[in-house]
Amino acid sequence: MVNSLTRSGRCLLAGLTLAVLLPATVQSASAQEADARASSERATSQKREAYKRTANANALVSSDAAVESQPAPRSTRKSASSAAMGPYYVDFRARTAASWGHAFVWYGKTSERAVDVAGLTPAGETFAYILGHLTVVPSETGASYGDLDPDYLTASYRVYLNEADAKRVFAYIKKLQADSPVWNAETFNCTSFIGEIASFMGLKVPHRWQRPEEYVNNLKVMNGGRQIVRLSPEE
């Protein structure tokens with residue numbers, strides 16, 4: 001009889017213990033499951049945000065190339081807009097350099113990867129640059145180191161031309177190169193050189209005594225960021 005009561009007491013005690021511990025165990029498991037689900041959702045959200053940032057960055061980097069390399073859209077409105085911009089361009093650019101920086105132009109046809117470069121720099125090494133602050137020195141008017149490297153780029157302002165106007169502007173650039181045999185830091189410098197090109201195209205031009213990056217940015221601001229240039233008829 002005593003053994004029977006003992007066994008009954010043990011069963012009752014085990015039942016009460018189970019009744020007390022079971023809700024806590026279930027609650028703990030539910031909490032762990034909720035935490036795991038929340039962590040999974042946060043990780044998924046972070047992955048989506050990272051993917052979005054990467055996609056946006058890639059879109060910014062490749063936007064110019066995509067616009068110029070994609071075939072003409074079928075929409076009549078878009079085709080008309082693309083045609084209005086013109087198939088040729090002049091890109092006023094600035095880049096970093098060892099000291100002041102450098103301003104120059106890219107020009108060419110939007111459908112071609114090749115690009116022509118024109119700018120005014122002192123011919124030679126550092127000594128020619130230093131001497132050019134005191135007097136005029138021989139110049140170079142083609143591409144210089146860093147002009148084709150996007151990592152050095154600090155400012156850019158691109159405008160588009162139709163074929164007839166592009167022929168006139170490109171011819172003027174080549175003539176300006178031929179007529180610029182010297183360089184001087186105060187007078188015949190890189191900003192004055194690209195300013196001559198901008199003036200020929202009918203653009204408003206800032207003063208040349210400022211850093212190339214500021215010059216190109218101000219050139220864009222002064223012209224309202226316009227992207228299409230139409231030259232006045234030849235007299």
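Modeller: Two strands pair if DSSP finds at least two bridges between them. Please keep in mind throughout that this is a predicted model.

Colleague: With that in mind, in which sense do β2 and strand β3 pair?

Modeller: Strand β3 covers residues 116-118, and three bridges hold between β2 and this strand. A hairpin of six residues leads from β2 to β3, and within the pairing valine 105 has alanine 118 in β3 as its bridge partner. The sense in which β2 and β3 pair is antiparallel.

Colleague: How many bridges join β1 to β2?

Modeller: These two strands run antiparallel, and one of the positions to look at is tyrosine 88, which stands opposite lysine 109 in β2. β1 and β2 form a hairpin with six residues between them, and in its turn glycine 101 has a positive phi of about 105 degrees. The number of bridges that join β1 to β2 is eight.

Colleague: How many residues of strand β2 are buried?

Modeller: Strand β2 spans residues 102-109, and the strand is mostly covered. A residue counts as buried when its relative accessible area is under 20%. Of the eight residues in strand β2, the number that are buried is seven.

Colleague: Why is helix α5 described as largely enclosed by the rest of the structure?

Modeller: Helix α5 runs over residues 190-200, which gives it eleven residues. Its buried residues include Cys190, Phe193, Ile194 and Ile197, and the buried residues of α5 pack against β1, β2, β3, α4, β7 and α6. Helix α5 is described as largely enclosed because the number of its eleven residues that are buried is eight.

Colleague: Are α5 and α6 roughly parallel or roughly antiparallel?

Modeller: The two helices pack with their axes 10 Å apart, at an angle of about 20 degrees. Since angles under 35 degrees count as roughly parallel, that angle makes the relation of α5 to α6 roughly parallel.

Colleague: Which residues of α6 make the contact with α5?

Modeller: α5 passes α6 in a right-handed crossing. On the α5 side, the contact is made by Cys190, Thr191, Ile194, Gly195 and Ala198. On the α6 side, the residues are Pro212, Tyr215, Val216 and Leu219.

Colleague: Turning to the charged side chains, which residue forms a salt bridge with aspartate 91 at 2.8 Å?

Modeller: Side chains of opposite charge can pair when their charged atoms come close. The closest N and O atoms of the pair are 2.8 Å apart, and the residue that forms the salt bridge with aspartate 91 is arginine 93.

Colleague: How many residues apart are aspartate 91 and arginine 158?

Modeller: The side chains of aspartate 91 and arginine 158 meet in a salt bridge, with 3.2 Å from N to O. This pair links distant parts of the chain, since aspartate 91 lies in strand β1 (residues 88-95) and arginine 158 in strand β6 (residues 153-161). Arginine 158 is buried too, with a relative accessible area of 16%.

Colleague: By about how many helical turns are lysine 167 and glutamate 163 separated?

Modeller: The side chains of this pair meet in a salt bridge, at 3.9 Å from N to O. Lysine 167 counts as exposed at 58% relative accessibility, whereas glutamate 163 is partly exposed, with a relative accessible area of 42%. Because the two residues are four residues apart in helix α4 (residues 163-178), the separation is about one helical turn.

Colleague: Which residues do salt bridges that share partners join into one network?

Modeller: Aspartate 91 forms a salt bridge with arginine 93, and the side chain of aspartate 91 also meets that of arginine 158 in a salt bridge. The residues joined into one network are therefore Asp91, Arg93 and Arg158.

Colleague: Finally, what percentage of the residues in the protein chain is buried?

Modeller: The protein chain has six helices and seven strands. Of its 235 residues, the share that is buried is 29%.

Key: Residues are numbered from 1 along each chain as its sequence is written. This is a predicted model: local features need pLDDT of at least 70, side-chain atom pairs count only at pLDDT 80 or more; totals for chains, interfaces and linings use all residues. Side-chain values use heavy atoms; hydrogens and water are left out. A salt bridge is a side-chain nitrogen of Lys or Arg within 4 Å of a carboxyl oxygen of Asp or Glu. Buried means under 20% relative accessible area, exposed over 50%, partly exposed in between (1.4 Å probe, protein chains only). Contact means heavy atoms within 4.5 Å. Axes are lines fitted to C-alpha atoms, for helices over the stretch in contact, and angles run from 0 to 180 degrees between N-to-C directions. Angles under 35 degrees count as roughly parallel, over 145 as roughly antiparallel, 65 to 115 as roughly perpendicular and the rest as oblique. A crossing is left-handed if the near helix is turned anticlockwise from the far one by less than a right angle, and right-handed if clockwise.
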